[in-house]
Amino acid sequence: WRTHDRKFVVKSLPTPERDLLVNLLPSYIEHLEQHPYSLLARFCGLYDLVSIKHSSVALVLMCSVFGGEEIDEQFDLKGSSVNRRVGVADADTAKKDVDFSGRFIYLGAERRACQLERDLLWLERHGLCDYSLLLGVRTATKEDIR
C-alpha cells in the first residue's frame, strides 16, 4: 500500500521478518547515522495490529525510495533471470530483471557507487542475501533538461 501522496509505503511482514527487523534495528540505525546517504530502505515504523480475535499482523512503514516523485517505470532488480519477468506493466508495477535487459544504470557520482558497496557489505555482514535494487525511471522532459 502507498499513501495518497506516494511518500510512504506500508508492507505486511511475516513474523520471522518482523523479528529480524527488530533484532537488526540497532545496527541499522548505526549504519544510517554513519552513512546518511545510504541507499537502504528507510524504515519509519513497525506496528503489530491485533484483531478482536487476537490474530495479529505486522506492518512496516517505509519512506518511498521515490520520495513522492512521479516515475514512468520501476524495476525490482535482484541480479537473476530466474522467474524475473513481468512483461507489460504500468508505472505502479515493478518490472523485473529480464524486463530491464539491454539497459544500463548510470549511478552518477562515485559517491553513490561507494555507498552502494557499503550498504551491500552491511547486508552481507548480517547474512541478508535476498535484497533487490528498486530503480525508478523517469523520462526527462525539455523542462528537466534546461
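Let me start with Asp 97, which sits in helix H2. Before I go on, please keep in mind that this is a predicted model.

Is Asp 97 buried or exposed? Its relative accessibility is 13%, and the cut-off for buried is under 20%, so Asp 97 counts as buried. What does Asp 97 touch, once its neighbours within four places in sequence are set aside? The contacts are Asp 76, Leu 77, Lys 78, Gly 79, Ser 80 and Arg 84.

Now the aromatic residues. How many aromatic pairs does the structure hold? There are three. One of them joins Phe 75 and Phe 100. The geometry is edge-to-face, with 5.0 Å from centre to centre and an angle of 70° between the planes. Phe 75 belongs to strand S4, residues 73-77, while Phe 100 belongs to helix H2, residues 97-100, so this pair ties together parts that lie 25 residues apart in sequence. Both partners are buried: Phe 75 has a relative accessible area of 0%, and Phe 100 has 10%. There is also an aromatic cluster, formed by Tyr 28, Phe 43 and Trp 122.

Next, strand S2. This strand covers residues 43-50, and Leu 49 is found in it. Asp 48 lies in strand S2 too.

I will take Asp 48 to begin with. Its relative accessible area is 40%, which makes Asp 48 partly exposed. Which residues does Asp 48 touch, not counting those up to four places away in sequence? They are Arg 18, Val 57 and Ala 58. With Arg 18 there is a polar contact from side chain to side chain, at 3.0 Å. As for Ala 58, it is 10 residues from Asp 48 along the chain, yet the C-alpha atoms of the two are separated by 4.5 Å.

That leaves Leu 49. With a relative accessible area of 44%, Leu 49 is partly exposed.

Definitions and conventions
Residues numbered from 1 in each chain as written. Predicted model: local features only at pLDDT ≥ 70, side-chain atom pairs only at ≥ 80, totals over all residues. Heavy atoms only, no water. Helix = DSSP H or I, 4+ residues; strand = E, 2+ residues; numbered from the N terminus. Buried < 20%, exposed > 50% of the residue type's maximum accessible area, 1.4 Å probe, protein only. Contact = heavy atoms within 4.5 Å. Polar contact = N/O pair within 3.5 Å; in protein donor to acceptor, adjacent residues only side chain to side chain. Phe/Tyr/Trp six-rings, centres within 6.5 Å; stacked < 30°, edge-to-face > 60°.
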